[in-house]
Amino acid sequence: LWAEPAEGDTAEAWLKRAAEAEAAFEIARALEYYQKADALRPDDPVILQKIAQQLSDLTLKTRGEAEKK
């Protein structure tokens, strides 16, 4: 379902796929893709903000799942 960027793809390719995953509420996948973009473009404030947002969303999701039990 998710097309992996080919070796040598740019940070932009990872960012595009991360945004698609984020739109589909695939938080863990979006985080993984944003981290791959960060490896190619370190210290980019937009990418770092997106990583922080995904980590925050994962925390909320995990907390919500624990409360359901």
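## Exposure and basis of the model

A residue counts as buried under 20% relative accessible area, as exposed over 50%, and as partly exposed in between (1.4 Å probe, protein chains only). By this scale Phe-25, with a relative accessible area of 68%, is exposed, and of the 69 residues of the chain 26% count as buried.

The model is predicted, and local features need pLDDT of at least 70, side-chain atom pairs count only at pLDDT 80 or more, and totals for chains, interfaces and linings use all residues. Residues are numbered from 1 along each chain as its sequence is written, and side-chain values use heavy atoms, with hydrogens and water left out.

## Overall arrangement

The chain has three helices and zero strands, and along the sequence its pattern reads α-α-α; helices (H or I, at least four residues) and strands (E, at least two) are DSSP runs, numbered from the N terminus. Where contact means heavy atoms within 4.5 Å, residues 24 or more positions apart account for 40% of the contacts in the chain with a separation of 6 or more.

## Packing of α1 against α2

Helix α1 (residues 11-23) packs with helix α2 (residues 27-40) at an angle of about 165 degrees, and their axes are 8 Å apart; these axes are lines fitted to C-alpha atoms, for helices over the stretch in contact, with angles running from 0 to 180 degrees between N-to-C directions. This angle makes α1 roughly antiparallel to α2, a term for angles over 145 degrees. The crossing in which α1 passes α2 is left-handed, meaning that the near helix is turned anticlockwise from the far one by less than a right angle.

On the α1 side the contact is made by Ala-11, Trp-14, Leu-15, Arg-17, Ala-18, Ala-19, Ala-21 and Glu-22, and on the α2 side by Arg-29, Ala-30, Tyr-33, Tyr-34, Lys-36, Ala-37 and Leu-40. The residues of this contact of α1 with α2 divide into 11 nonpolar, no polar and four charged, where Ala, Val, Leu, Ile, Met, Phe, Trp, Tyr, Cys and Pro count as nonpolar, Asp, Glu, Lys and Arg as charged, and the others, Gly among them, as polar.

## The aromatic pair

The structure holds one aromatic pair. Trp-14 and Tyr-33 form this pair, which is tilted, at 5.3 Å centre to centre and 55 degrees between the planes; rings of Phe, Tyr and Trp (its six-membered ring) pair if their centres lie within 6.5 Å, and planes under 30 degrees apart count as stacked, over 60 as edge-to-face and the rest as tilted. The pair links distant parts of the chain, with Trp-14 in helix α1 and Tyr-33 in helix α2, 19 residues apart, and both Trp-14 and Tyr-33 are buried.

Gln-54 is found in helix α3 (residues 45-68) and is buried, with a relative accessible area of 0%. Leaving aside neighbours within four places in sequence, Gln-54 is in contact with Glu-22, Ile-27, Ala-30, Leu-31 and Tyr-34.

Ala-28, placed in helix α2, is partly exposed, with a relative accessible area of 48%. The C-alpha atoms of Ala-28 and Leu-58 are separated by 7.2 Å, although the two residues are 30 residues apart along the chain.

## Positive phi in the loops

Phe-25 is found in the loop between α1 and α2, and its phi is near 60 degrees, a positive value in a residue other than glycine. Asp-43, in the loop between α2 and α3, has a phi near 65 degrees, a positive value in a residue other than glycine. Asp-43 is exposed, with a relative accessible area of 66%.

Technical notes
Parallel < 35°, antiparallel > 145°, perpendicular 65-115°, else oblique.
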